[in-house]
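Biologist: I would like to learn how to read a structure, feature by feature. Can you take me through one?

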Amino acid sequence: MKRILASAICAILPLMSQGAAPALIPIQAFVEEDQYNNPQISPDGKHLAVTVRVRQGARTVPMLSFFSLPGMTLESTVRMPAFIVPASYEWTSNTRVVVEQAKEYGSREAPRRNGEVVAMDYDGTHQIYMHGYQMLTLSKQNARYGNDWAYATVVGTPEVRNGHVYIASYPWEHEYSALYDFDSRNAIRKLMAELPSPDASFILHHNDKPGYAASSDKQGLFQLWRFDEATEKWSVEEQPKGTRLVPAAFSADEKDFIGWYSENGGASKLIRQNVATGQRKTIAEDAHGSMGNLMYDAKGVAPIGAFTNSGRPRMVYIEPSHPDAVLHRDLSAQFPDASVKLISATADGNTLLALVHSDRDPGVVYLYDRKTNKADLLLTYMAAIDPDAMAPRLPISYTARDGLRIDGFLTMPPAKGEGKPPLILIPHGGPHGPFDDWYFDTDAQFLASRGYAVLQVNYRGSGGRGDRFMQAGYRQWGDKIMDDLVDGVQWAVGQGKVDGTRMCVYGASFGGYAAMTLAAREPDLFKCAVGYAGVYDLPLLYKRDASILEARTSNTYKRWVGEDPVELARLSPTRRAASIKAGVLLIHGGKDERALKENAFRMKEALEKAGHPPEWYYVDYEGHGFYDTANRAEVYQRMETFFAKYLGKPK
């Protein structure tokens, strides 16, 4: 498994030669998900915690595994209950780990945290239930605390790991957030702070006292709270309309904090602000979008830089002379075609884990030894994928018909065939908040490997460019968002690289809605359309229960798409099926809780009534995206056959 860093340089991401078409990459290579995820090294560097996908019957199941270092000898594997997976985990000492659990609902949706937090030793022993709705039956502290009818998330640990962990708890049926100090050895908790607002993200001082909390009001609009240590009370930090200030971390002397700031709904800059005076200084910004996630030093305390979101990500250093920033810059120089992230480190900072990934490589993790200045290859995320055979994802930008700049990515087939390749448009899900980025995209790479060009557009409403750009997509689902997608297709055709007479559209979730809407709105533009786990009958968005959480969800949908029955009908693809000429493939799971199965059945029925029956792949036990490996492979197999039917096999 070991490989010296220097010897690996030339093997990472060389451009593929433009020669004869390579052998077809098996579908199985694309449907096998990352075998490894979220590796975390213990404070003393002796153990590695990592999520490993283990085959169980028809699918692979994420399990938490522990390995000894540096030899990678398996020490234990812990499987959660059915459909429960390790969402994240933190070492609280050299031997103990706290794990947040989440429930899987479908491959096209991130597992949802269910409020259950457990702790265990690296060998899988001494497991205790710390927080969750099964406290009375599973916890040693059941009599003391009772059931936690709440979500929860780990906020952090003391800078010196002593077995304690800070956990935020969010009651399901109450409008407040609580922050606790838990002892991971016995599940005893101590209340640190309460905030009269739900789902707060707490920002702690270095003395572990709360400083700020980012939350939302009952309408789901952003709020910033500040904690006064003298009075031990919270107050809302009033901000001008269109302004958003989100603290992230305090400076070593506690006089300043680093965070994100935007004004007039624009893209977020990275700023340093004085706590007492409010004086603010911009330390990093991107002309094309918001600054992205922070990267911290080896101790996980001080931010040393942040990645940009737009185009190909680049690192902007906050403290260029910091030893870890220097190390990151040196490592990045060894992999010029990839992105390097420092993702975990020992307490002394001498041993680090570095993730190297790109548009063509799902990722590899190196174990770096600072003393010897060597890195050993530790983990390969999708071992069946050969980065040399993948296609570059080219950042693109164009002007929509109303003058708004729209960004995206064009993935061209890696092997040059005869003539221009057909084009497949893939609108992303969401729609408001998510956005397509430069990194490895399984859908795009699979289709490119089959000879298709793939266009992905961050239409108005997408995240990554500030509130104003995101809100520009509100109540524009069937209108300006669709304009942006059509304008993107026309831009791609105008570049002369794709065949404008052979185009299809494919999307999942909101992308499925967009695929059917475009097929109805632009009947002569697309030869075919694929909807996967899509929303097609918009009134179903409001088929919810009356809980507080669902009320907030309904308020969100009201902002996004409105609630006028006439308008919802106008925007629903089920009501426009008669306009669709393109071939249609519908893919859906019967257990989908995000896009209810009625969406697919109503779309199917509407097309059948219009005399245009769709191709159909429905699996009763799957959710919002399929999990079983055979079903995932079948999705790609059917899509491959479907696209070839309507676009012809690329030459």
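This is a predicted model: local features need pLDDT of at least 70, side-chain atom pairs count only at pLDDT 80 or more; totals for chains, interfaces and linings use all residues.

Biologist: Start with overall shape. What radius of gyration does the chain have, and what would a compact globule have?

Modeller: The chain has 25 Å. A compact globule of 651 residues would be near 26 Å, so the two agree. Along the principal axes, the C-alpha atoms fill a box of roughly 65 × 60 × 50 Å.

Biologist: How many helices and strands does the chain have?

Modeller: There are 13 helices and 35 strands. For contacts between residues at least 6 apart in sequence, 55% join residues at least 24 apart.

Biologist: Now the interior. How should I read a nonpolar core?

Modeller: The general idea: in soluble globular proteins, nonpolar side chains tend to be buried together. Here the largest nonpolar core has 52 residues. Those with the most contacts inside it are Leu423, Leu425, Leu455, Trp477, Leu485 and Leu538. Helix H9, residues 510-521, gives the most to this core, with 8 residues. Another core lies apart from it and has 37 residues, including Phe30, Ala389, Phe440 and Leu585.

Biologist: Take Leu485. Which residues is Leu485 in contact with, leaving aside neighbours within four places in sequence?

Modeller: The list is Leu425, Pro427, Val457, Tyr459, Ala514 and Leu518. Ala514 and Leu518 have numbers that fall within the range of H9.

Biologist: Next, a helix. How do I read the way its residues point?

Modeller: An α-helix has 3.6 residues a turn, so residues three or four places apart point the same way. Now look at cover on H6, residues 442-449.

Biologist: How many residues of H6 are buried?

Modeller: H6 is mostly covered, with 7 of its 8 residues buried. They are Asp443, Ala444, Gln445, Phe446, Leu447, Ala448 and Ser449.

Biologist: What happens at the start of H6 and just after it?

Modeller: At the start, a side-chain oxygen of Asp441 comes to within 3.2 Å of the backbone nitrogen of Asp443. Just after H6, Gly451 has a positive phi of about 95°.

Biologist: On to strands. In which sense do E6 and E7 pair?

Modeller: Strand E6 (residues 96-103) pairs with E7 in the antiparallel sense, over 7 bridges. On cover, 8 of the 10 residues of E7 (residues 112-121) are buried.

Biologist: What does E7 do with E8?

Modeller: E7 and E8 (residues 128-131) also pair in the antiparallel sense, here over 3 bridges. Val117 stands opposite His131 in E8. Their hairpin has 6 residues between the strands, and Gly124 there takes a positive phi near 85°.

Biologist: Which side chains make polar contacts with the side chain of His624?

Modeller: Ser509 is one of them, at 3.1 Å. Asp592 is another, at 2.7 Å.

Methods
Residues are numbered from 1 along each chain as its sequence is written. Side-chain values use heavy atoms; hydrogens and water are left out. A nonpolar core is a set of buried Ala, Val, Leu, Ile, Met, Phe, Trp, Tyr and Cys residues joined through side-chain atoms within 4.5 Å. Buried means under 20% relative accessible area, exposed over 50%, partly exposed in between (1.4 Å probe, protein chains only). Helices (H or I, at least four residues) and strands (E, at least two) are DSSP runs, numbered from the N terminus. Contact means heavy atoms within 4.5 Å. A polar contact is a pair of N or O atoms within 3.5 Å; within protein, one must be able to donate a hydrogen and the other to accept it, and residues adjacent in sequence count only if both atoms are side-chain atoms. The radius of gyration is taken over C-alpha atoms; the globule rule is 2.2 Å times the number of residues to the power 0.38. Two strands pair if DSSP finds at least two bridges between them.
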